[in-house]
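Q: Hi! Could you walk me through this model, starting from the inside?

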Amino acid sequence: MMNVLGKSSWMARLSPERQDTLLKLLILSIACILSFSTRLFSVLRFESVIHEFDPYFNFRTTKFLTEEGFYAFHNWFDDRAWYPLGRIIGGTIYPGLMVTSALMYKVANLLNITLEIRNVCVFFAPVFSSLTTLVTYQLTKEIKDSSAGLVAASMIAVVPGYISRSVAGSYDNEGIAIFCMLLTYTLWIKTVKTGSVFWGALCSLAYFYMVSSWGGYVFLINLIPLHVLVLMITGRFSHRVYVAYSSVYCLGTILSMQIPFVGFQPVQSSEHMAAFAVFGLTQLYAFVVYVKSKLSEEHFQLLMKTIVLMIVGVVGLAGSILMITGKISPWTGRFYSLLDPSYAKNNIPIIASVSEHQPTSWASFYFDLQLPVFMFPVGMYYCFSKLTDANIFIIMYGVTSIYFAGVMVRLMLVLAPVMCIIAGIAISTILHTYMKNIDMTKPAPATDKPKKKGPVADSSYPVKNEVSTVVVFMMTLFLILYTFHCTWVTSEAYSSPSIVLSARGREGNRIMFDDFREAYYWLKHNTAEDAKVMSWWDYGYQITAMANRTILVDNNTWNNTHISRVGQAMASKEEHSYGIMKELDVDYVLVIFGGLTGYSSDDINKFLWMVRIGGSTDRGSHIKEKDYYSQSGEFRVDKDGSETMLNCLMYKLCYYRFGQMYTETGKPSGYDRVRNVEIGNKDFDLEYLEEAYTTEHWIVRIYKVKDLENRGA
């Protein structure tokens, strides 16, 4: 009893300010723990394993960095990738992810904490998601106040739009990029508020970290100049903004050019020209203000007309010459795709074939965000009602990210943080407005003593206590439902590694399919060390990382011609494909097939993209997409399928010996459980390839390319 009283008196002795600080620390600590723990479903259900495809390349390069050192990593020529071209690793990646992981690994070992580099990579994203929670709090605090910051931090800790790219095992650039992006934004707003070169230098360092980690840094270097431009147009430009942007742009550009993969792009590519133009505009604006203070109005107008005409003429002429001569590179295909969603489909099928580059459906916004979707307009209203430099920035961030997220589903990741921030502002303001009108005290007896002054409740409407109670109750209910929704989405949709598949049996039990690792293990131990494996580009990173075999194409997708050649081999008849495979020195062909298990992400469902990419170059001009459709214009693999489709290499490699398989009770042999049809071509043999290995559930099938027959004397 005395112990409890002692603790109570200890709390009572704390000043209100310290109690407030203690409560904030407690809430932030819970949010960080929740952010980390909610991303561990995949580890608890499966094991500590890397997910997806790109993370396997990142893991392989990180492992090389920790074993060989930074100098060897920077100069590494990978002869296992893009045979026979190879790949220079140091000059073609953003190294921030790998360097950070290697540093964490080295520090842990220095402190005698034994960690395997694989586990560092698996838990990397959950750790940085906790740091993102703290940065979100600070950013929202700079924009509104600490109360809104606590709500925003709690929301981003569990929002599915961010969790989708930061679960345990999702060792990709986005796992660190969102932290870097929000840190840069926080320091940018701090720099604008203070006009300090010190904060500008810190913002530049954060921007450099962002550039080293993710190609999405282009969004930052266009949003910040746009913010400065809007401040100019609205008459809010000041000496503080001039110092902030000048210091951030100069230092940030110089630092970003130290990344080999970026190089001189900040001063040569079209994506960076807006930042350069705004930098020039700020210098001109500052010069105009200075000259105006020294000249009369008449002389100033004359001088300005002359200078503006000269500058416009010189800049226009210089820009045209640089564009024509190629000194300023045009926009990339991905950038064009953000401005015109149909551009990639019509011009660059390799970009359009990636699922995460597809437009976002309306359902995805609710699925990945839930409550913030409805609170976003309310938060925007509150931001507009009290415009500040920081509020203008977050409004622009919200509007631009909504557009880009609608164009490309992958950019939902960029939208999720600002949704949580603006929703946090809305929820905090609503609760603050209505909670003060809830009468929690009993009527005090009448006394002659004067009443102490305190917070005055709003008496502008009747039954305010009842209305406020209902509003607060509803907001609490919405937040509880938001938590349940986020937990369910994380558990069911974003916690299944693609390398290990699972399904529910008839009795509700979980069934595991470990065919991918089984196939890669077979390749590693049953093929020659210098064997070349041809597969579609999705599986390239996994083959090099897990099987340690040479592949022709991988997920980097930098050489459309090389990928097109693989697509041509898959889409052609066996005899024609054999010539292409011999030209590329292929030893084995690997395909993914889901007809037996119902795995829908197989190569047959991706096949039309192979046709489109294969026919996009001159050497593939004989491949026409219409030839692979039935007479009714459908893509089919049954008896109504086109002759071209039923006799191409991909069809034969997937359905070889499948015509004798019974997959479901009451269905004929050769019944495809993904397409829900009986295949049209069952009885065929392979002439130029032979089956080398098929995994337990037929998901991965490997074929050996036969050698050319010796010529007779």
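A: Happy to! This is a predicted model, where local features need pLDDT of at least 70 and side-chain atom pairs count only at pLDDT 80 or more, while totals for chains, interfaces and linings use all residues. Residues are numbered from 1 along each chain as its sequence is written, and side-chain values use heavy atoms, with hydrogens and water left out.

Q: Great. Which residues touch the most other members of the largest nonpolar core?
A: Met181, Tyr185, Trp188, Tyr397, Val589 and Tyr655, out of 186 residues in that core. Helix H24, residues 412-435, gives the most to this core, with 16 residues. A nonpolar core here is a set of buried Ala, Val, Leu, Ile, Met, Phe, Trp, Tyr and Cys residues joined through side-chain atoms within 4.5 Å. Buried means under 20% relative accessible area, exposed over 50%, and partly exposed in between, using a 1.4 Å probe and protein chains only. Helices (H or I, at least four residues) and strands (E, at least two) are DSSP runs numbered from the N terminus.

Q: And what is tyrosine 185 in contact with?
A: Beyond its neighbours within four places in sequence, tyrosine 185 contacts Leu139, Phe219, Leu220, Leu223, Phe393 and Tyr397. Contact means heavy atoms within 4.5 Å.

Q: Switching to rings: how many aromatic pairs does the structure hold?
A: There are 40 aromatic pairs. Rings of Phe, Tyr and Trp (its six-membered ring) pair if their centres lie within 6.5 Å; planes under 30 degrees apart count as stacked, over 60 as edge-to-face and the rest as tilted.

Q: Where do tryptophan 522 and tyrosine 588 lie?
A: Tryptophan 522 is in helix H26 (residues 515-526) and tyrosine 588 in strand E7 (residues 588-592), so the pair ties together parts 66 residues apart in sequence. Both residues are buried.

Q: How are the rings of tryptophan 522 and tyrosine 693 arranged?
A: Their centres are 5.2 Å apart and their planes at 10 degrees, so they are stacked. Tyrosine 693 belongs to strand E10 (residues 689-694), so this pair links parts 171 residues apart in sequence. Tyrosine 693 is partly exposed, with a relative accessible area of 22%, whereas tryptophan 522 is buried at 15%.

Q: Which charged end sits over the ring of tryptophan 698?
A: That of arginine 701, 4.2 Å from the ring centre. Arginine 39 has its charged end over the ring of tyrosine 162, 5.0 Å from its centre. The cut-offs are NZ of Lys or CZ of Arg within 6 Å of the ring centre and within 35 degrees of the ring normal.

Q: Now the backbone. Which peptide bond is cis?
A: The one from tyrosine 83 to proline 84, with omega near 0 degrees. Proline 84 is in the loop between strand E1 (77-78) and strand E2 (87-88).

Q: What about asparagine 112: buried or exposed?
A: Asparagine 112 counts as exposed, at 71% relative accessibility. Its phi is positive, about 60 degrees, although it is not a glycine. Asparagine 112 sits in the loop between helix H6 (96-110) and helix H7 (117-122).

Q: And where is asparagine 548?
A: In the loop between helix H27 (540-547) and strand E6 (550-551). Asparagine 548 also has a positive phi, about 55 degrees, and counts as partly exposed at 32% relative accessibility.
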